[in-house]
Amino acid sequence: MPNVTVRGPEVPRNIEALDPVFTVSGLSVFYGDYEAVRGVDMTIGNREITAMIGPSGCGKSTVLRCFNRMNDLIPGARAAGKILYHDEDLYGEHVDPIEVRRRIGMVFQKPNPFPKSIYDNIAYGPRVNGVKGRMDDIVEEALTKAALWDEVKDKIKQNALSLSGGQQQRLCIARAIAVKPDVILMDEPCSALDPIATTKIEDLMQELSRDYTIVIVTHNMQQAARVSDRTAFFTAEVDHAGVRHGRLVEFDETSRIFTNPSDKRTEDYITGRFG
Amino acid sequence: MPNVTVRGPEVPRNIEALDPVFTVSGLSVFYGDYEAVRGVDMTIGNREITAMIGPSGCGKSTVLRCFNRMNDLIPGARAAGKILYHDEDLYGEHVDPIEVRRRIGMVFQKPNPFPKSIYDNIAYGPRVNGVKGRMDDIVEEALTKAALWDEVKDKIKQNALSLSGGQQQRLCIARAIAVKPDVILMDEPCSALDPIATTKIEDLMQELSRDYTIVIVTHNMQQAARVSDRTAFFTAEVDHAGVRHGRLVEFDETSRIFTNPSDKRTEDYITGRFG
Amino acid sequence: MAILSTPRSAVQLASRGRPLKEHLFRIALLASLAIAIVFLAMLIIYVVEEGWPRLDATLWENQPSIRRPETAGIQSGIFGTLWIIGLTALMALPTGILAAIYLEEYADKSKWYNRLIELNISNLAAVPSIVYGILGLGMIARWMQFGFTIMTGAITISLLVLPIVIISAREAIRAVPASIREGSLALGATQWQTIYRQVLPASIPGIATGSILALSRAIGEAAPFLMLGAATLVRFNPEGVWSSFSVLPLQIYSFITRPQEEFAILAAAAIVVLLAILLLMNSVAIWLRNRYQKRW
Amino acid sequence: GGDAKPSGDSTSSAAPAQSSEAGTALSGEIKVDGSSTVAPLTQAASELFGEEQPQVKVPVGTSGTGGGFERFCAGETDISNASRPIKDEEKAACEAKGIKFTELTVATDALTVVVPKENDWATCLTTDQLKKMWEPAAEGKVKTWKDVDPKFPAEELKLYGPGTDSGTFDYFTDEINGEEGASRKDYSPSENDNDIVTGVSGAKGGLGYFGFTYFEENADKLKAVEIDSGSGCVAPSVETAQGGTYTPLARPLFIYPSAAAAKRPEVVAFLDYYVGNINAIAKDAKFIPLNAEQEAKLKADVTALKSQG
Amino acid sequence: MAAQHLKTASGASRSLARSRPRYGEAAVKVVLLLAALVSIATTVGIVAALLEPTIEFFGEVSLGEFFGSTTWGPLFNPPAFGVWPIIVATVEITLIAIVVAVPLGLAAAIYLSEYATPRVRKIFKPVLEVLAGVPTVVFGFFALTFVTPVLQDVLPFLDLEAKNALSAGLLVGVMIIPIVASLSEDSMAAVPNGLREGSYALGASKMLTSVRVVVPAAFSGIVAAIILAVSRAAGETMIVAIAGGFKSVFTIYPGNEMATMAAFIAQAGSGDASVGSTAYKTIFAVGSLLFIMTFAMNYVSARMVQKYREVYD
Ligand SMILES: Nc1ncnc2c1ncn2[C@@H]1O[C@H](COP(=O)(O)OP(=O)(O)OP(=O)(O)O)[C@@H](O)[C@H]1O
Ligand SMILES: Nc1ncnc2c1ncn2[C@@H]1O[C@H](COP(=O)(O)OP(=O)(O)OP(=O)(O)O)[C@@H](O)[C@H]1O
Ligand SMILES: [Mg+2]
Ligand SMILES: [Mg+2]
Ligand SMILES: O=P([O-])([O-])[O-]
């Protein structure tokens with residue numbers, strides 16, 4: 001077993017494993033005719049950090065983007081199966097994807113600040129959601145929570161693109177927080193960052209998991225081990241017709257996955273025998 | 001220490017550690033005014049596989065591309081220091097970069113077959129180098145060496161883009177072999193491939209290292225451990241002026257690097273404490 | 001914490017009444033596009049309807065006539081236009097493509113002269129065509145003493161479309177991924193070998209598309225010929241590059257300026273012919289583009 | 001840019017001198033440019049001539065009288081159409097280039113002043129009234145018909161006329177305003193007589209002028225005004241123009257062949273044809289033919305030109 | 001195989017020096033450079049054609065008269081050289097064109113870039129290309145024989161003259177819609193998808209994302225498109241010559257006939273004005289002015305394009 005530092009006991013937290021925010025059952029995702037992910041069942045616990053790992057192309061991002069219906073924006077993309085969000089069917093007919101995304105924020109692989117001032121980046125979400133007044137407070141609060149306030153408070157009107165990569169990513173997290181979401185999804189949030197910035201973001205995630213439910217995709221096993229409570233391991237399998245589909249192989253507490261996985265493929269992957 | 005399978009004793013080979021193909025001393029590489037890599041010293045042994053690892057942006061590709069002077073093609077790119085290739089200064093005045101690239105082949109991260117037939121892809125290199133006749137033999141030989149002949153021999157006139165990703169990458173290796181180079185450089189050759197294709201390429205590298213000197217950049221530590229004889233670990237460091245430069249931290253036999261690194265930073269990296 | 005105040009089980013994901021505004025916006029956008037298209041349709045219907053009585057073989061079999069507008073044709077204009085376009089293709093396309101190769105593959109952008117060439121080309125693309133007419137009149141017809149001939153017209157039009165050819169050829173060349181160039185160079189190919197054997201073949205569909213569109217712009221030009229005094233009543237087809245000539249757009253212009261109603265009909269019919277040629281060229285260009293769109 | 005030289009082509013197509021008897025197949029190109037008023041006449045001639053000599057090409061440009069002379073005196077054309085006699089400075093330009101020419105009067109025109117059919121007040125206008133409308137001093141001041149004559153209604157006066165590069169404009173301004181080119185500038189100029197037709201017929205207070213033939217073509221939409229130059233109102237017509245009573249707006253129309261061109265057999269043949277059939281051509285092109293006296297002079301002039309050789 | 005390989009690879013037996021001289025490569029580069037220099041020669045030619053007569057013109061007509069008075073009529077007697085009427089007409093027609101083209105073109109661009117499915121885009125873009133390819137004489141003919149009469153019928157109170165700035169401007173506007181639309185769409189397409197996703201992920205609708213994120217991010221590209229369209233409109237000749245007319249009056253009422261700079265050049269250049277006369281040189285002086293105006297606008301536009309390219313790379 002790799003010599004990795006596993007989160008868990010050393011950070012005592014109130015883990016409510018049986019209070020699910022998302023309940024996924026039989027989820028398959030299609031791009032046109034291609035079934036990119038097949039038959040996923042998992043639950044995301046409230047105010048936990050759930051990590052999704054697996055080799056490239058196994059469908060981690062695809063599943064993540066179902067949680068806030070970002071896939072709706074891709075022509076031809078379609079989800080089958082069920083995702084319950086607090087008992088409500090996320091793909092139900094009456095559900096407004098825009099409202100879904102307001103509740104379920106997202107942070108992307110490449111920091112994507114808008115080419116506007118830092119202030120306007122944070123204020124954008126509240127504004128488009130019709131929040132009026134006290135904008136300064138909202139901005140300060142979000143930046144503070146994202147551990148960025150001290151670094152930028154003197155240049156809040158500067159263009160966000162002038163920040164460093166790590167700062168930009170924290171800005172994107174602050175931007176997500178500013179609309180007061182319930183869940184934050186992160187798709188490889190550190191893969192474009194240097195080690196120091198990565199450490200800062202990891203610390204921030206820990207911090208945020210007190211108030212928010214977090215789902216993170218990472219290709220860095222060590223990161224999953226360091227920050228998450230639960231880990232889902234995906235891989236891509238070729239079916240009898242020769243088509244590759246992403247599958248969920250194992251989903252368990254992170255400590256179990258990294259010390260005592262129950263599936264051979266999980267073990268091979270985390271020990272570096274493939275991938 | 002991570003539980004990784006290290007190449008070495010189990011594959012008995014005639015390692016001529018002291019027969020250097022490249023001798024790098026004090027190499028710094030600039031993009032315009034930016035010094036991307038600073039002060040690298042290393043040697044590449046004849047018919048060895050040398051791996052270069054390190055976090056993103058630390059200059060692995062930059063150094064690799066100095067070995068066949070591909071950096072010449074980037075406006076403003078410039079190398080300082082010395083690279084000897086078999087005692088000849090690679091950046092000497094009389095040296096023709098085109099001749100250099102003929103001797104020192106390269107395989108890229110994303111398979112980049114030409115949009116032509118498989119046959120023409122292989123024949124292209126010999127043709128531009130003025131090789132006449134026996135082209136069919138050359139093509140067959142190269143494809144055989146690249147372990148692709150059996151898979152494609154019936155569709156040699158088909159467009160290379162119709163091959164799968166893994167096949168395309170082997171085609172690119174075959175293409176490099178066809179000009180009978182001395183050295184093959186590979187820049188993350190498997191990062192766009194699935195695990196099975198990756199395994200095939202890794203086997204092929206082992207096979208090729210009987211005849212060729214191979215330098216490979218990878219972000220996958222396990223891969224470096226599996227295939228290489230020597231490993232160079234790079235990282236990016238911030239100097240007193242706040243500028244990031246790529247540095248070579250440690251260069252040693254692969255087994256040493258992965259079991260008993262002499263530098264704390266190497267250890268941190270391979271144990272997943274950062275990166 | 002606002003979070004805590006959201007009762008988890010009572011979430012409401014239904015929309016908050018945005019769709020109407022969204023819908024109107026979308027409809028407004030589509031309407032704008034539709035206006036342009038409806039306008040084009042109206043124009044085409046109008047000229048076809050106006051020119052209908054004259055849309056028969058006499059139109060291209062006969063020469064223009066001042067005496068018999070009702071049977072006058074446009075043959076000399078069609079041939080003049082073909083000559084001009086043919087010569088323009090011979091002159092502007094190779095020059096433009098070579099220049100594009102230079103700028104994309106060789107030019108070092110840090111050199112002032114290369115930046116000057118680039119800036120100059122984008123400026124030339126915006127120079128009014130009537131100014132090219134002045135260039136043709138002052139430099140080519142008079143100073144170079146090429147007179148008011150096909151040659152003068154073709155050179156003038158070549159210079160006029162050259163920037164367009166260069167810009168579109170550059171785009172096509174740029175669309176060839178850098179990995180193809182790197183792959184070739186890494187095999188020891190020289191730069192020209194790489195360009196000639198990899199980049200050009202891969203970009204030919206794009207270059208052809210751009211070239212056809214550039215030539216179709218050239219076909220419709222009238223203003224420069226106005227300055228070049230291309231004789232308006234030409235009752236013979238050109239026989240060589242030193243021949244007098246007229247072109248279709250200029251004939252149309254001269255028909256518009258005649259008093260008899262028959263000439264207005266003739267103008268409309270000639271416009272239909274001109275538009276048909278253009279539509280044909282556009283279709284070929286679009287077909288080429290769709291057929292050979294990015295293969296990597 | 002004033003250093004125009006003859007284009008190498010216009011004179012090189014001359015075949016060796018040869019008698020131009022009918023029946024000999026001739027070839028070559030005769031370049032004609034100039035007045036848009038006269039162009040239909042020469043074009044008609046060229047079309048008819050083409051039936052006899054299909055190998056001879058006669059491209060006819062319409063650069064206006066002035067524009068035509070400019071190219072003619074630069075040696076770029078063989079024949080220049082003109083709706084006014086050549087000016088002194090144009091003569092000088094020709095002389096400077098060594099270009100000799102002959103003036104041939106080929107038809108008559110009656111400049112016709114037109115108003116819309118619904119205009120019931122202007123049946124006859126005096127030359128003074130025309131001057132009052134058109135002189136430079138009228139610019140911005142004479143805005144309604146009432147400004148021209150208090151008897152007229154206060155209808156807005158909308159003026160249309162040929163552009164400044166036309167011989168018609170030169171002739172009209174010379175005769176009415178007393179100085180060539182002197183005109184108010186705020187009228188709608190157009191080389192396109194059709195524009196004048198649409199413009200005048202579309203505005204109740206409209207007034208314009210152009211060649212008689214255009215009026216005849218559009219007599220259903222327009223009304224020709226009689227002109228009183230001191231000896232009573234005279235309506236424009238073939239008879240008044242030929243007979244010399246439609247003054248001062250009846251005018252001769254010219255072509256100017258160059259002497260050098262007149263040595264080429266195809267040009268000679270063309271001129272012979274043109275002059276030999278002048279009244280048939282004029283009729284065909286709907287111009288006012290020459291009277292007998294004018295026709296005799298034309299024939300004599302051409303004979304003189306040919307014998308200059 | 002291995003033996004052969006050894007032969008070539010052991011040590012520095014083969015030099016890395018050029019095995020054969022490559023004169024061809026150098027020659028090719030020279031030929032290519034020459035082709036690129038044709039464009040420079042063109043500019044030099046234009047400037048050369050314009051410069052001498054322009055200088056001579058200002059020897060005969062003072063700059064003060066040219067820019068200081070408002071009566072235009074170089075071909076009249078006595079001539080008048082106050083250039084403002086044709087500048088005003090040019091600006092006015094350009095303005096009308098922009099008022100038509102910018103909203104329509106921009107909206108079409110937003111639709112194509114943000115809303116249209118690939119299939120819809122595949123249909124509409126070629127249609128815009130066809131519109132861009134319609135010869136300007138055709139637009140002129142349409143304006144003169146269809147649009148103006150229709151406007152006169154439908155809106156008689158406008159009191160349109162048979163030729164007028166309004167119809168000409170409208171049609172010039174239609175002509176430049178494709179320029180605005182396609183260049184704006186290019187710059188919107190260059191906006192990284194990450195920005196859109198960032199906006200959607202915050203609960204923004206498509207409209208808000210388009211208007212508040214995509215358009216501002218593409219702003220300099222859009223401005224560049226508009227400037228290029230303006231310079232095309234300002235230099236357009238055939239539409240204004242056919243439908244806008246040649247009347248040289250100092251007026252701004254768009255129902256009036258008025259001559260733009262390009263229309264003047266076309267009129268004077270295709271007509272008399274004997275070589276060497278002041279009137280003839282006026283063509284070149286106005287041509288220079290038009291050239292400088294479009295050149296300056298395009299320079300600004302090129303700079304803006306460069307700027308937006310820099311933002312995301
Ligand atoms: N927009 C799309 N259209 C079609 N196929 C897609 C699309 N996006 C992803 N796919 C395919 O779906 C599969 C899963 O992709 P996905 O991006 O979810 O993988 P991933 O696990 O996130 O990989 P990575 O680690 O590289 O980000 C892949 O085969 C991919 O090619
Ligand atoms: N063409 C270029 N111009 C300017 N800077 C460059 C260029 N290519 C690379 N760099 C910079 O040089 C540094 C080293 O880049 P390089 O691509 O060599 O890193 P790498 O170790 O290969 O990273 P990766 O694992 O992401 O491929 C980086 O900071 C990068 O931004
Ligand atoms: Mg992903
Ligand atoms: Mg790299
Ligand atoms: O064309 P004009 O006869 O008026 O010179």
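Ligand 5 is surrounded by Ser35(D), Ser36(D), Thr37(D), Gly64(D), Thr65(D), Ser83(D), Ser166(D), Gly167(D) and Thr168(D), where a residue belongs to the surroundings if one of its heavy atoms lies within 4 Å of the ligand. This is a predicted model: local features need pLDDT of at least 70, side-chain atom pairs count only at pLDDT 80 or more, and totals for chains, interfaces and linings use all residues. Residues are numbered from 1 along each chain as its sequence is written, chains are lettered from A and ligands numbered from 1 in the order in which they are written, and side-chain values use heavy atoms, with hydrogens and water left out.

**Ligand 5, chain D**

- A polar side-chain atom of Ser35(D) lies 2.2 Å from an oxygen atom of ligand 5. A polar contact is a pair of N or O atoms within 3.5 Å; within protein, one must be able to donate a hydrogen and the other to accept it, and residues adjacent in sequence count only if both atoms are side-chain atoms.
- Ser83(D) places a polar side-chain atom 2.8 Å from an oxygen atom of ligand 5. For Thr168(D), the distance from a polar side-chain atom to a ligand 5 oxygen atom is 3.0 Å.
- On its own, ligand 5 has 200 Å² of accessible area, and the protein covers 99% of it. Accessible areas come from the Shrake-Rupley method with a 1.4 Å probe; for residues, only the protein chains shown count as cover.
- Helix H3 (64-73) and helix H7 (167-177) of chain D each supply at least two residues of this shell. Helices (H or I, at least four residues) and strands (E, at least two) are DSSP runs, numbered from the N terminus.
- The shell around ligand 5 holds 9 polar residues, no nonpolar and no charged ones. Ala, Val, Leu, Ile, Met, Phe, Trp, Tyr, Cys and Pro count as nonpolar, Asp, Glu, Lys and Arg as charged, and the others, Gly among them, as polar.

**Ligand 1, chain A**

- The shell of ligand 1 includes Tyr31(A), Tyr34(A), Cys58(A), Gly59(A), Lys60(A), Thr62(A) and Glu188(A).
- The side chain of Thr62(A) has an N or O atom 2.4 Å from an oxygen atom of ligand 1. Ligand 1 taken alone exposes 630 Å², of which the protein buries 63%.
- Strand S2 (34-46) and helix H1 (60-64) of chain A are the elements that give two or more residues to the ligand 1 shell. H1(A) gives the most, with 3 residues.
- By class, the ligand 1 shell has 5 nonpolar, 5 polar and 2 charged residues.

**Ligand 2, chain B**

- Around ligand 2 lie residues including Tyr31(B), Tyr34(B), Cys58(B), Gly59(B), Lys60(B), Thr62(B) and Glu188(B).
- Gly59(B) has a backbone N or O atom 2.9 Å from an oxygen atom of ligand 2.
- In chain B, strand S2 (34-46) and helix H1 (60-64) give two or more residues to the ligand 2 shell. H1(B) gives the most, with 3 residues.
- The ligand 2 shell divides into 5 nonpolar, 5 polar and 2 charged residues.

**Lys110(A)**

- Lys110(A) sits in the loop between strand S6 (104-107) and helix H3 (118-128) of chain A.
- Lys110(A) has a relative accessible area of 61% and is therefore exposed (buried is under 20%, exposed over 50%, partly exposed in between; 1.4 Å probe, protein chains only).
- Lys110(A) and Leu193(A) are 83 residues apart along the chain, and their C-alpha atoms are separated by 8.9 Å.

**Annotated spans, chains C and E**

- For chain C, an unreviewed UniProt entry annotates "transmembrane region" at residues 24-48, 78-103, 124-144, 150-169 and 263-288. UniProt positions are given in the numbering used here, feature names are shortened, and annotations may be inferred rather than shown by experiment.
- Residues 24-48 of chain C are 100% helix and 0% strand, with end C-alpha atoms 35 Å apart.
- Residues 124-144 of chain C are 86% helix and 0% strand, and their end C-alpha atoms lie 21 Å apart.
- For chain E, the UniProt annotation "transmembrane region" (unreviewed entry) covers residues 26-51, 83-111, 123-145, 165-183, 213-231 and 279-300.
- Residues 26-51 of chain E are 100% helix and 0% strand, with 36 Å between the end C-alpha atoms.
- Residues 165-183 of chain E are 100% helix and 0% strand, and the end C-alpha atoms are 26 Å apart.
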